[in-house]
Amino acid sequence: MTARVGVVTFPGSLDDGDAARAVRIAGAEPVRLWHGDAELYGVDAVVLPGGFSYGDYLRCGAIARFAPVMEKIVDASRGGLPVLGICNGFQILCEAHLLPGALTRNQHLHFRNRDQVLRVESAGTAWTNAFQAGQEILIPVKNGEGCYVADTATLDELEGEGRVVARYVGGNPNGSQRDIAAITNPAGNVVGIMPHPEHAVEALTGPSLDGLGFFTSVLKHLVGTPA
């Protein structure tokens, strides 16, 4: 049976189509979810894509966290539903308190758009089990508010529990504390990542195929998850 992965569209989403294509290339069925839906239609996992949900008014992701679909996603994630938040999706996960910390304005106050090397720190999540810990991958980064910040106790907790999923290598594009590019919740089913793996799944358009591993990982995870 083909896994069904929901991709949410908020007003202002830019990369929902790219995320749906990545899901399809990985071998799953993308299911388009609308921000106003109070229903997940039986999907097996969810991707919150990049963009500028609700125009980034108030703060990035601050309004999106109250969307009807997010109430269902929050509840389902606490029951084990795999959720990947990419860029704006990462911001939404932090605003919804599914992940700790916050994403703030890039320290240099410039939008940063470039191909970025990451080191995978944790291969034990639902979205990274196709990688090896320590593996370096190349995927695009594009953000203006991508600086990950948290208090020292939270950062130490993330480090101590192995919940830092990826770090920037070869230069930090936004000033994120401890070079953090991605983190996970304690259960490993919710991952937020600032760079864009969905833009590195095809040789024609991406700098590599390294991003595909995030999407094949969740399929592997779902196969191993009891019904």
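Guide: Contact here means heavy atoms within 4.5 Å of each other. Keep in mind that this model is predicted.

Visitor: Which residues is Phe 215 in contact with, leaving aside its neighbours within four places in sequence?

Guide: From H1, the helix of residues 16–26, Phe 215 meets Ala 22, Val 23 and Ala 26.

Visitor: At what angle do the axes of helix H1 and helix H5 cross?

Guide: Start with the general idea. Two packed helices are described by the angle between their axes and the distance between the axes. In this model, H1 (residues 16–26) and H5 (residues 212–223) have axes that come within 9 Å and cross at roughly 60 degrees. That angle makes H1 oblique to H5. The crossing is right-handed.

Visitor: Which residues of H1 and H5 make the contact?

Guide: H1 supplies Ala 22, Val 23, Ile 25 and Ala 26. H5 supplies Leu 212, Phe 215, Thr 216 and Leu 219. By type, seven residues of this contact are nonpolar, one is polar and none is charged.

Visitor: Which residues of H1 are buried?

Guide: An α-helix has 3.6 residues a turn, so residues three or four places apart point the same way. In H1 the buried residues are Asp 16, Asp 18, Ala 19, Ala 20, Ala 22, Val 23 and Ala 26. They pack against H5 and against strands E1 (4–9), E2 (29–34) and E3 (45–48).

Visitor: How many residues of helix H3 are buried?

Guide: Eight of the eight residues of H3 (residues 88–95) are buried, so H3 is largely enclosed by the rest of the structure. They are Asn 88, Gly 89, Phe 90, Gln 91, Ile 92, Leu 93, Cys 94 and Glu 95.

Visitor: Where is the place of Ser 77?

Guide: Ser 77 sits in helix H2 (residues 68–78). At 5% relative accessibility, Ser 77 counts as buried. Sequence separation and spatial distance are read together here. Ser 77 and Leu 98 are 21 residues apart in sequence, with 8.4 Å from C-alpha to C-alpha. Not counting residues up to four places away in sequence, Ser 77 touches Val 83, Leu 98, Asn 189 and Val 190.

Visitor: In which strand does Val 141 lie?

Guide: Val 141 is part of strand E7 (residues 136–143). At 0% relative accessibility, Val 141 counts as buried. Pro 173 is 32 residues from Val 141 along the chain, and their C-alpha atoms are separated by 8.1 Å. Beyond four places in sequence, Val 141 is in contact with Arg 112, Asn 113, Arg 114, Gln 116, Pro 173 and Pro 195.

Technical notes: Residues numbered from 1 in each chain as written. Predicted model: local features only at pLDDT ≥ 70, side-chain atom pairs only at ≥ 80, totals over all residues. Heavy atoms only, no water. Axes fitted to C-alpha atoms, helices over the stretch in contact; angles between N-to-C directions. Helix = DSSP H or I, 4+ residues; strand = E, 2+ residues; numbered from the N terminus. Parallel < 35°, antiparallel > 145°, perpendicular 65-115°, else oblique. Left-handed = near helix turned anticlockwise from the far one by under 90°. Nonpolar A, V, L, I, M, F, W, Y, C, P; charged D, E, K, R; others polar. Buried < 20%, exposed > 50% of the residue type's maximum accessible area, 1.4 Å probe, protein only.
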